[in-house]
Amino acid sequence: GIAQPIGNTTETIKTLLYHIFYLQNYLHLPQARLPLYWSLAIEEQFYILAPLLLFILWKYFRPYFTIIITVLLLLGILTRFIVYSPDTDWLMDVRWPFHTRFESLLFGVLAAYIFITYNERLRSLSVFMKGVFFLSAFAAIGSALIFGKDTNGYFNSTWQFTLTGFGFAMLTLSMAISSFDSYIHVSLKRFFALVAKLS
């Protein structure tokens with residue numbers, strides 16, 4: 001068959017610029033609706049804004065750091081409740097925009113902060129409490145996987161991403177404070193450390 005053109009030169013340049021500047025998750029162009037590219041946009045937008053936000057919070061509002069991060073998390077969750085309606089364009093209004101998804105990444109920031117700030121206290125938790133951490137992580141991730149779908153719906157638009165973000169943050173935190181590393185061979189630890197450093 002004959003290859004089909006992707007559009008005129010103006011559309012191609014416009015789409016290229018959208019992708020270069022990671023704006024494709026907010027644009028309604030057919031070329032922007034490509035698998036994974038929208039998620040890269042969310043990540044890049046977060047990685048551009050998060051260091052600036054964290055620097056300002058740490059420098060000027062350190063005593064209120066946890067409160068402000070928690071408020072931002074709640075705002076992210078609340079935004080999806082505000083946006084949701086049965087007629088919502090789920091992809092363009094809920095799944096793809098940064099302002100409806102940033103709290104999933106912010107859970108990771110909060111988990112890292114908790115791990116650094118309360119490291120000794122977390123490591124000294126009882127086996128039962130560490131088990132509670134793991135169970136809450138698996139319950140959250142499991143609920144998102146079982147009940148969540150890639151389609152418009154109340155749960156999919158409101159709680160699905162919150163449970164996923166919370167679950168993986170808790171799982172990471174649980175793994176970090178557990179004693180699993182004592183069962184991992186030193187060469188494998190070095191490999192994981194190298195992968196983490198490169199990441």
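## Confidence and basis of the model

pLDDT is the predictor's confidence in each residue, on a scale from 0 to 100. Over residues 1-5 it stays under 50, and for that stretch the model has zero contacts beyond four places in sequence, a contact being heavy atoms within 4.5 Å. For the protein, the mean pLDDT is 87, and 90% of the residues reach 70 or more.

The model is a predicted one, in which local features need pLDDT of at least 70 and side-chain atom pairs count only at pLDDT 80 or more, while totals for chains, interfaces and linings use all residues. Residues are numbered from 1 along each chain as its sequence is written, and side-chain values use heavy atoms, with hydrogens and water left out.

## Overall architecture

The secondary structure comes to ten helices and zero strands, where helices (H or I, at least four residues) and strands (E, at least two) are DSSP runs numbered from the N terminus. Read along the sequence, the pattern is α-α-α-α-α-α-α-α-α-α. Of the contacts with a separation of 6 or more, 62% are accounted for by residues 24 or more positions apart.

Buried residues make up 34% of the 199 residues; buried stands for under 20% relative accessible area, exposed for over 50%, and partly exposed for what lies in between (1.4 Å probe, protein chains only). The accessible surface comes to about 12900 Å², of which 72% belongs to carbon and sulfur atoms; accessible areas come from the Shrake-Rupley method with a 1.4 Å probe, and for residues only the protein chains shown count as cover.

## Nonpolar cores

A nonpolar core is a set of buried Ala, Val, Leu, Ile, Met, Phe, Trp, Tyr and Cys residues joined through side-chain atoms within 4.5 Å. The largest has 19 residues, and those with the most contacts inside it are Phe-46, Phe-65, Ile-69, Leu-73, Phe-98 and Leu-106. The elements that give two or more residues to this core are H2, H3 and H5, with the largest share, seven residues, coming from H5. Leaving out residues up to four places away in sequence, Phe-65 touches Leu-54, Leu-57, Trp-58 and Tyr-113.

A second, separate core of nine residues includes Leu-122, Leu-171, Leu-173 and Ile-177. Lys-130 counts as buried because its relative accessibility is 17%.

## Salt bridges

A salt bridge is taken as a side-chain nitrogen of Lys or Arg within 4 Å of a carboxyl oxygen of Asp or Glu, and by this rule the count comes to two. In one of them, Arg-80 pairs with Glu-103, the closest N and O atoms being 2.8 Å apart. This pair links distant parts of the chain, with Arg-80 in helix H3 and Glu-103 in helix H5 (residues 102-117), 23 residues apart. Arg-80 has 0% relative accessibility and therefore counts as buried, and Glu-103, at 0% as well, is likewise buried.

The side chains of Asp-150 and Arg-95 also meet in a salt bridge, at 3.7 Å from N to O. Here too distant parts of the chain are linked, Asp-150 lying in the loop between H7 and helix H8 (154-158) and Arg-95 in helix H4 (residues 90-95), 55 residues apart. Asp-150 counts as exposed because its relative accessibility is 55%.

## Nonpolar surface patch

Patches are made of residues with over 30% relative accessible area and no salt bridge, like charges being joined within 9 Å and nonpolar side chains (Val, Leu, Ile, Met, Phe, Trp, Tyr) within 5 Å. A nonpolar patch of about 1100 Å² is made by Leu-52, Phe-55, Ile-56, Tyr-60, Phe-61, Tyr-64, Ile-67, Val-71, Leu-75, Leu-78 and Ile-82. Helix H2 (37-60) and helix H3 (65-83) are the elements that give two or more residues to the patch, and H3 gives the most, with five. Leu-78, placed in helix H3, counts as partly exposed because its relative accessibility is 43%.

## Approaches between separate segments

Glu-44, in helix H2, is partly exposed, with a relative accessible area of 27%. Glu-44 and Tyr-22 are 22 residues apart in sequence, and their C-alpha atoms are 7.0 Å apart in space.

Phe-168 belongs to helix H9 (residues 160-177) and counts as partly exposed, at 44% relative accessibility. The C-alpha atoms of Phe-168 and Gly-108 are separated by 7.9 Å, the two residues being 60 apart along the chain.
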